[in-house]
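Q: Please take me through this model one feature at a time. Give me the general idea first, then the case.

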Amino acid sequence: MHSKNKIWDFLKSNPDTLGESGKLVGITCYDSFALKYLKDHFKHESFFEEKLNILLATEVTTSWVDDNFKSLGLFGNHETYFIHGAEFLSEEVRESLLDASELMLDNRFLILFFNKDDKFFKKLQKDKSGSVNTIQITAPAFWEEKELLNFLIQEKKLSLSAELKENIIELIPFDIGSYSQYLDQYEVNFGATAQVKLTEALEIINESKVDQF
């Protein structure tokens, strides 16, 4: 199954993010901040020992795939893995993963994160085995400032006045990183409350801009 959407729409429709276990999951995401929010919704309780094992694509070999996903290990094969930079997987590894129905995926995930939408990701989209999910998180359109800001406020469990939201949209560059960093700074200074003077809330905009650099 392939999903392509803005992050707030995707998470609304897919609150469990990864879906049912027993899948190879390919993910491409337009921004590292968006990926962070996506990963925040992973249900770690569904992972073996609630652990997400992380590897770089350059560490993954065909022998590793065979040992972990094509043959039964001494203590079984239960771990979930998240592979960063899947666009750098070798051709041999890609071939070994392409038929996901051959992989031992019972009650776990093999998650491949692509920094860009490459040929291998497109091939995974076309998988018919039922063992593959692909997720494509796209950038907000330029008119979706409110949707992005409201999503981040909800994620951080903050309460902001309508007037402050309007000023954030007007004064802060429209991207998920800039909005997110301002909201983090806001929470550090004021907590989750909306009972903050607008002038005080606006004073930290310059601070959040400095923090980015």
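A: Phenylalanine 114 is buried, because its relative accessible area is 0%. The scale runs as follows: buried is under 20% relative accessible area, exposed is over 50%, and partly exposed lies in between (1.4 Å probe, protein chains only). The model is predicted: local features need pLDDT of at least 70, side-chain atom pairs need 80 or more, and totals for chains, interfaces and linings use all residues. Residues are numbered from 1 along each chain as its sequence is written, and side-chain values use heavy atoms, without hydrogens or water.

Q: How many helices and strands are there in the chain?

A: Both are DSSP runs, numbered from the N terminus: H or I of at least four residues for helices, E of at least two for strands. The chain has 9 helices and 6 strands. Its C-alpha trace spans about 60 × 35 × 30 Å along the principal axes. Of the 213 residues, 44% are buried.

Q: What share of the contacts is between residues 24 or more positions apart?

A: A contact means heavy atoms within 4.5 Å. Take the contacts in the chain with a separation of 6 or more: residues 24 or more positions apart account for 76% of them.

Q: How many aromatic pairs does the structure hold?

A: A ring pair is described by the distance of the centres and the angle of the planes. Rings of Phe, Tyr and Trp (its six-membered ring) pair if their centres lie within 6.5 Å; planes under 30 degrees apart are stacked, over 60 edge-to-face, the rest tilted. The structure holds 13 such pairs. One of them joins phenylalanine 82 and phenylalanine 113: stacked, 6.2 Å centre to centre, 20° between the planes. This pair links distant parts of the chain, with phenylalanine 82 in strand E4 (residues 80-84) and phenylalanine 113 in strand E5 (residues 109-114), 31 residues apart. Phenylalanine 82 and phenylalanine 113 are both buried.

For contrast in geometry, take phenylalanine 114 with phenylalanine 121: edge-to-face, 5.3 Å centre to centre, 70° between the planes. Phenylalanine 121 also has 0% relative accessibility, so it counts as buried. Back at phenylalanine 82, ring pairs link Phe42, Phe82 and Phe113 into a cluster.

Q: Which residue lies over the face of phenylalanine 82?

A: A charge sits over a ring if NZ of Lys or CZ of Arg is within 6 Å of the ring centre and within 35 degrees of the ring normal. Lysine 39 lies over the face of phenylalanine 82, 4.5 Å from the ring centre. Likewise, the charged end of lysine 36 sits over the ring of tyrosine 37, at 4.7 Å from the centre.

Q: Which residues line the largest pocket?

A: On a 1 Å grid over the protein atoms alone, a pocket is an open set of points where a 1.4 Å probe fits, with protein on both sides within 12 Å along at least five of seven lines; lining residues have an atom within 4 Å of a point. Volume is the space filled by probe spheres set on the points, which are joined across faces, edges and corners. Here the largest pocket has about 220 Å³. Its lining is Trp8, Asp9, Leu11, Lys12, His41, Glu147, Phe151, Gln154, Glu155 and Lys157.

Q: Where is histidine 41 found?

A: Histidine 41 lies in the loop between helix H2 (32-40) and strand E3 (52-56). Its relative accessibility is 22%, so histidine 41 counts as partly exposed. Beyond residues up to four places away in sequence, histidine 41 touches Leu11, Pro15, Asp16, Thr17 and Glu155. Leu11 and Glu155 also line the largest pocket.

Q: What covers the buried residues of H6?

A: First, the residues: Leu148, Leu149, Phe151, Leu152 and Ile153 are the buried ones of H6. Their cover includes H1, H2, helix H7 (162-171) and helix H8 (176-190). Just after H6, lysine 157 takes a positive phi of about 55°.

Q: Threonine 17 has a positive phi too. Is threonine 17 buried or exposed?

A: Threonine 17 is not a glycine, yet its phi is about 65°. It sits in the loop between H1 and strand E2 (23-29). Threonine 17 is buried, because its relative accessibility is 5%. Glutamate 49 has a positive phi near 55°, and lies in the loop between H2 and E3. At a relative accessible area of 65%, glutamate 49 is exposed.
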